[in-house]
2 protein chains.
Amino acid sequence: MPVFLDATAADFEAAFAALLTAKREDSPDVDQIVGDIIADVRSRGDAAVIDLTARFDRITLTPGTLRITDAEIAQAVTQVSPEDRAALELAAARIRAYHERQMPQDASWTDDAGATLGWRWTPVSAAGLYVPGGLASYPSSVLMNAIPAKVAGVARLAITVPTPDGVLNPLVLAAARIAGVDEVYRIGGAQAIAALAYGTDTIAPVDKITGPGNAFVAAAKRRVFGRVGIDMIAGPSEILVIADGDNDPDFIALDLLSQAEHDESAQSILITTDPAFGQAVSDAVDRHLQTLERRAIAGASWRDFGAIITVPDLDTAAALSNRIAPEHLELCVADADALSAQITHAGAIFLGQWTPEAIGDYIGGPNHVLPTARSARFSSGLSVMDFVKRTTLARMTPEALRAVGPSAERLAASESLQAHGLSVTARLRKLNG
Amino acid sequence: MPVFLDATAADFEAAFAALLTAKREDSPDVDQIVGDIIADVRSRGDAAVIDLTARFDRITLTPGTLRITDAEIAQAVTQVSPEDRAALELAAARIRAYHERQMPQDASWTDDAGATLGWRWTPVSAAGLYVPGGLASYPSSVLMNAIPAKVAGVARLAITVPTPDGVLNPLVLAAARIAGVDEVYRIGGAQAIAALAYGTDTIAPVDKITGPGNAFVAAAKRRVFGRVGIDMIAGPSEILVIADGDNDPDFIALDLLSQAEHDESAQSILITTDPAFGQAVSDAVDRHLQTLERRAIAGASWRDFGAIITVPDLDTAAALSNRIAPEHLELCVADADALSAQITHAGAIFLGQWTPEAIGDYIGGPNHVLPTARSARFSSGLSVMDFVKRTTLARMTPEALRAVGPSAERLAASESLQAHGLSVTARLRKLNG
C-alpha cells in the first residue's frame with residue numbers, strides 16, 4: 001500500500017517531510033574495489049581491461065577484439081526489425097531537432113571603456129558514453145546521450161557496453177550507429193570508466209564521460225571526476241503527477257507504474273485535488289499490478305515509496321511539488337500552462353493528459369537524462385551544454401586600460417598581490433610615459 | 001630556474017609530456033576528518049559549528065552571534081577608503097554588465113507533429129558562497145561569485161567567511177554589500193560547508209555552494225555534492241602566455257609572476273617564437289624576483305613549475321596550448337584574433353599586449369573563477385549558468401500523440417518496459433475508440 005496523505009491534516013507536515021527524506025537507495029560501498037580496478041587499468045592498460053572482462057563478463061578478449069568492428073555492428077543491425085529501426089530513427093530525428101536548438105551562441109561586444117569582451121563556445125574533443133549491459137541496456141539512452149554530444153560537435157564519441165558471455169544487443173548497436181557514434185568497445189564496469197578516463201594502448205582517453213551505470217560505474221565516475229568531466233550521478237527514477245478529478249484514472253495509474261517498473265527504489269507520487277479520484281487511481285494501480293510483466297519490481301516500488309496526496313487546491317500542489325523538485329512532473333489539470341508557471345524546480349514537465357511521461361522517455365525530443373533525488377533544485381537534465389565549454393574573451397585598448405587599469409592596481413594592492421598590480425602599472429607607465 | 005624547452009628538439013615530446021602531467025599539488029588526505037565534522041554539524045547543528053569555530057578560529061560564538069549583523073557590516077565598511085570602495089564598485093558594475101549578457105533564454109515552439117516543446121530557466125532558490133579567511137580572503141572573489149548568483153535571480157545568497165581571532169575583513173564585507181549578499185556568517189572550514197548544505201537552527205540550508213577554500217573546504221564540498229550543487233574544485237592557478245618577439249619583456253615577466261605569486265604550486269609558462277625574447281623575459285623575471293613582496297612564493301613557483309618554450313611558428317604554439325588547456329591564456333602577438341581562432345581549450349583568453357591577465361582578475365568583466373589543471377578541456381568558468389537550471393517542457397496534442405505514440409510503444413516493448421508502452425496505448429485507444 002502506498003502512503004495516503006491529506007495536506008490539510010494536522011500531521012501532514014511531518015509525514016510529508018518523512019516522504020521527502022526517505023532513503024530509497026542503499027549504495028553498496030564498492031569504492032575500494034573500484035579504486036583498485038582503476039589503479040590496475042592505469043598501470044596495466046589493455047591487459048587489465050582484458051583480465052577484468054574475462055572475470056566479470058566471461059569473455060576472452062585481445063587488444064584486437066576490444067572494439068566491436070563496423071562489420072560486427074552492421075551484422076547485428078540486420079537483426080533489428082524495420083519497425084524497430086524506424087522507431088529509433090524517428091526518435092533520433094526528434095531528439096536531434098530539440099537539441100539543435102540548445103546550441104549556445106558566441107558573443108562579442110565593445111563596451112563604453114573601449115574594451116572588447118565576449119565569449120566563445122567550443123565542443124569537448126572526445127566523449128565517452130557508458131551503456132549498461134543486461135536488463136538496463138536501453139537503446140533510448142544511447143540516443144539521449146550520444147545525440148547531444150554529436151549536436152555539440154564532439155569529434156570523437158566512444159561507447160563502452162559490456163557484453164556478458166559475448167552477447168551483443170542489436171538495438172543498442174543500431175542506436176549507436178543512428179546517433180553517429182564513432183567507436184564501440186565491448187567492456188563495462190569500473191574498468192570501462194578507467195579506460196575511457198586514462199586511456200589504454202587500444203582505447204584513446206576521452207575528456208568527458210556520461211551515461212548511467214550500476215554502483216561500480218557510479219563510484220568509478222566519481223573517482224575519475226576532475227581528470228575528465230562527468231554528467232550527474234543519477235539516482236532511482238521518480239514521477240510526480242498533479243491531477244484534478246477530470247482525468248482517466250487508468251492513464252494516471254499507468255504513468256505512475258511506468259516509473260515504478262524501472263526499479264524497486266523508484267518513486268511515484270500523485271497529488272490530486274479530488275480524493276475520490278486518488279482512490280480510483282489507487283484501485284487502477286492495484287488492478288494493473290495483477291498482470292504487469294514487471295509487477296514484482298513495480299509493486300515493491302509502489303508499496304514502499306508510492307504516495308497519494310490530496311490537496312485543497314492547485315496552489316498547494318505547486319508548493320508541495322517545488323519542495324519535492326521532481327525529476328518528472330505531469331500536470332494533468334485544466335490549465336496546465338498556468339500551473340506550470342508556478343513550478344520553480346523540476347527536471348521535465350509534461351503538460352496535459354495527452355503527454356504521458358513515457359513520451360519523454362523515447363520520442364518527445366527533450367532529454368530523458370534528468371536530475372533525481374531533489375537535485376532539480378540546482379541542476380538540469382543532460383543537454384548540448386554538457387558537451388561544450390565556454391572560453392571568455394577580453395581585449396583592452398590603451399584607452400580602455402587607462403580607464404579601468406587604476407582600479408585594478410588598487411584592488412591588487414588591497415589583496416597584497418603586488419605583481420598583479422605591477423603588470424598593470426608597467427603598461428600604464430609606458431602608455432603615459 | 002624554470003624549464004627551457006625547444007619544440008623542435010628531439011626530446012621535446014617527452015619533456016612537454018612531463019610538464020603536462022607534473023603533479024603540482026599534494027592534497028593532504030583530510031577526508032576522514034571532514035567526514036567527522038560534517039556528521040557532527042548534521043547531528044548537533046549550531047552547537048557543533050560553535051565548538052568547531054572556537055577550536056579553529058579561537059572565537060566564542062552563540063547562535064545569536066554566528067551571523068555578522070548589518071550594523072557590524074556597515075561599521076566595517078566605514079573603514080574602507082573611498083578609493084577602494086570606488087574600485088570595488090567599478091569592478092562590480094563591469095562584472096554585472098558582463099554577466100547580465102549570460103542569462104539564457106527560454107524557448108517554446110510547436111513542431112510538425114503538433115507537439116509544443118521548449119524549456120524554461122529558473123534560478124536556484126538559495127546559494128552559499130564560501131570566502132576563505134586570512135591571506136587568501138579576496139574581495140574580488142566575493143564579487144566574482146556573488147554577482148553571477150544575483151544576476152541569475154538567486155533570492156537568498158549567504159556568505160560564510162571565517163574570522164580568526166574575531167578579525168573582520170572590511171573589504172570582503174564591502175564587496176558582499178556591493179554584490180547584494182543577503183546573509184554573512186563568521187564561520188569557515190568544513191563546518192561552514194556542512195552548515196550551508198544541511199542547515200542548522202540559525203543557518204537555513206542552501207541549494208548550491210560555490211567559492212574557493214583550502215583542502216578541508218574542498219573535501220567538504222566533494223562530500224556534500226549531490227545534497228547540494230557545487231562549483232568546480234579549483235586547483236592552483238596557471239597562466240600561459242604566447243608572445244612573439246615584439247613585446248616588452250617586462251610586461252610578460254610581470255604577467256607570469258602575477259600567477260606565480262598566488263601559490264608555490266601555481267604554474268606560469270611562456271611560449272614564444274623568439275628565443276632571444278624568451279631569454280629576455282627570463283632575465284626580467286629574475287630581476288623582479290629580487291624585490292617582489294611575495295618573492296618566496298613566486299620564486300618557488302617559477303623555479304619548480306615555470307617553463308619557457310620556443311616554437312618555430314604560432315601554429316605550433318596554438319597546438320601546444322590546446323594540449324595544456326590553460327586556465328588563463330594571453331595572446332601577445334600581432335594578430336591575436338587569428339591566433340585565438342585556433343584555440344580550442346582555454347578558460348579565458350586575453351588578447352593583445354594591453355590586456356594583462358590581472359585585468360581579468362579584477363575589472364575586465366569576465367569571471368576569474370576558471371577551470372584549472374587542464375579541465376578547460378571539458379568545463380567552463382563560473383557564470384550565471386551555475387545558478388540557474390533548465391526545466392524541459394513538452395505538450396502532446398491528440399494529433400501529436402497519434403503521430404509519435406506508436407513509435408514510443410514499440411521502443412518501450414523493445415526495452416521490456418510494459419507500463420511505459422501501456423501508458424501510451426491506453427491514450428491511443430481512447431483517442432481511436
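**Strands and interface**

Analyst: Strand β9 (residues 238-243) of chain B pairs in the parallel sense with strand β12 (residues 328-332) of chain B, over 5 bridges. Strands here are DSSP runs (E, at least two residues), as helices are (H or I, at least four), numbered from the N terminus, and two strands pair if DSSP finds at least two bridges between them. This is a predicted model, in which local features need pLDDT of at least 70 and side-chain atom pairs pLDDT 80 or more, while totals for chains, interfaces and linings use all residues. Residues are numbered from 1 along each chain, chains are lettered from A in the order written, and side-chain values use heavy atoms without hydrogens or water.

User: In β12(B), which residue is the bridge partner of B:V241?

Analyst: β9 and β12 of chain B pair in the parallel sense. In β12(B), the partner of B:V241 is B:E330.

User: What is the order of the open sheet of 9 strands?

Analyst: Pairing in this sheet is mixed. Its order is β2(A)-β3(A)-β14(A)-β13(B)-β12(B)-β9(B)-β10(B)-β11(B)-β1(B).

User: Which strands are the edge strands?

Analyst: Each edge strand pairs on one side only. They are β2 (107-110) of chain A and β1 (3-6) of chain B.

User: How many salt bridges does the rule find across the interface of chain A and chain B?

Analyst: A salt bridge is a side-chain nitrogen of Lys or Arg within 4 Å of a carboxyl oxygen of Asp or Glu. B:D337 forms one with A:R395, the closest N and O atoms being 3.5 Å apart. Across the interface, the rule finds 12 salt bridges.
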